Amino acid sequence: MQSAYIVLIVAYTLIDRAAFAVSGAPTTRARREWTFWAVWVPYLACFAGPIAELALGTAEPRTPGMVAGALLVAAAAGLRWVGVTTLGRSFSASVETHDGHRLVDTGIFSVIRHPLYLGLALLYIGLPLFAGARWTWIAVALGMAGLVARTLAEERWLAGELPGYSEYMRRTKRLVPGVR
């Protein structure tokens, strides 16, 4: 079971890293605000937690959870691929703008503003679900809280710094089509 989980996380990571490489986004990050860490630390815990739980015997993987978890991780990878490659050079892991930054409101961004964060939310849920992990759900809850804080901080920043973003917020949904 541990090897299946490792294959899952390696596949996800390779797809995620490939999306960043294809995007051509600048690699320098000027701002590492607390919301970055509020998302990044649970992200790491959601990867490592199930490995630890499987090794310690506290995880109980079951076929329905593995299937659902794998589907959520695949959806997360897909959302992150589409989001990062659509943003291209406007992508940044930090809440910032840079030279050449532009508002992207095409493709998936014409429907929702934060497909990358939706992808992370699905990943947070999918990983412990796949492994049948128990304790990792604490990291999931912290990650969800971090995503909320990060999303709100990013929207405040972009509304003040990126021309057209306030209007874009009025015509699109935050994370899920049809849900404000």
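Me: Where is E33 found?
Reply: E33 is found in the loop between α1 and α2. Keep in mind as we go that this is a predicted model.

Me: Buried or exposed, that E33?
Reply: Buried: E33 has a relative accessible area of 15%, and the cut-off for buried is under 20%.

Me: Which residues does E33 touch, if I skip those up to four places away in sequence?
Reply: E33 touches S94, V95 and R150. With R150 there is also a polar contact, which joins the two side chains at 2.2 Å.

Me: Thanks! Switching to R113 now. Where is R113 found?
Reply: R113 is also in a loop, the one between α3 and α4, where α4 covers residues 115-131.

Me: And is R113 buried or exposed?
Reply: R113 is buried, since its relative accessible area is 5% and anything under 20% counts as buried.

Me: How many residues apart in sequence are R113 and Y168?
Reply: They are 55 residues apart in sequence, and in space their C-alpha atoms are 8.3 Å apart.

Me: OK, helices next. How do the axes of α1 and α2 cross?
Reply: They cross at roughly 165° and come within 10 Å, with α2 covering residues 34-56. Angles over 145 degrees count as roughly antiparallel, so α1 and α2 are roughly antiparallel to each other.

Me: Left-handed or right-handed crossing?
Reply: α1 passes α2 in a left-handed crossing.

Me: Which residues meet there?
Reply: From α1 you have Q2, Y5, I9, Y12, T13 and D16, and they meet Y43, C46, F47, P50, I51, L54 and A55 in α2. The residues of this contact of α1 with α2 divide into 10 nonpolar, two polar and one charged.

Me: Y5 is in that list. Is Y5 buried or exposed?
Reply: Y5, which lies in helix α1, counts as buried, at 0% relative accessibility.

Me: What does Y5 touch, again leaving out residues up to four places away in sequence?
Reply: Y5 touches C46, F47, P50, I51, L54, L127, F130 and A131. For F47 there is a further detail: the side chain of Y5 reaches the backbone oxygen of F47 at 2.9 Å.

Me: How far apart in space are Y5 and G78?
Reply: C-alpha to C-alpha they are 18 Å apart, and in sequence Y5 and G78 are 73 residues apart.

Me: Now α1 and α3. What is their crossing like?
Reply: The axes of α1 (residues 2-23) and α3 (residues 63-87) cross at roughly 10° and come within 8 Å. Angles under 35 degrees count as roughly parallel, so α1 and α3 are roughly parallel to each other.

Me: Which residues of α1 meet α3?
Reply: L8, Y12, I15, D16, A18, A19, F20, V22 and S23 do, and in α3 they meet A70, V73, A76, A77, R80, W81, V84 and T85. Sorted by type, the residues of the contact of α1 with α3 are 13 nonpolar, two polar and two charged.

Me: Last one: at what angle do α3 and α4 pack?
Reply: The angle is about 160°, and the axes are 7 Å apart. That makes α3 roughly antiparallel to α4. Their crossing is left-handed, and the residues of their contact divide into 20 nonpolar, five polar and one charged.

Conventions. Residues are numbered from 1 along each chain as its sequence is written. This is a predicted model: local features need pLDDT of at least 70, side-chain atom pairs count only at pLDDT 80 or more; totals for chains, interfaces and linings use all residues. Side-chain values use heavy atoms; hydrogens and water are left out. Axes are lines fitted to C-alpha atoms, for helices over the stretch in contact, and angles run from 0 to 180 degrees between N-to-C directions. Helices (H or I, at least four residues) and strands (E, at least two) are DSSP runs, numbered from the N terminus. Angles under 35 degrees count as roughly parallel, over 145 as roughly antiparallel, 65 to 115 as roughly perpendicular and the rest as oblique. Contact means heavy atoms within 4.5 Å. Ala, Val, Leu, Ile, Met, Phe, Trp, Tyr, Cys and Pro count as nonpolar, Asp, Glu, Lys and Arg as charged, and the others, Gly among them, as polar. A crossing is left-handed if the near helix is turned anticlockwise from the far one by less than a right angle, and right-handed if clockwise. Buried means under 20% relative accessible area, exposed over 50%, partly exposed in between (1.4 Å probe, protein chains only). A polar contact is a pair of N or O atoms within 3.5 Å; within protein, one must be able to donate a hydrogen and the other to accept it, and residues adjacent in sequence count only if both atoms are side-chain atoms.
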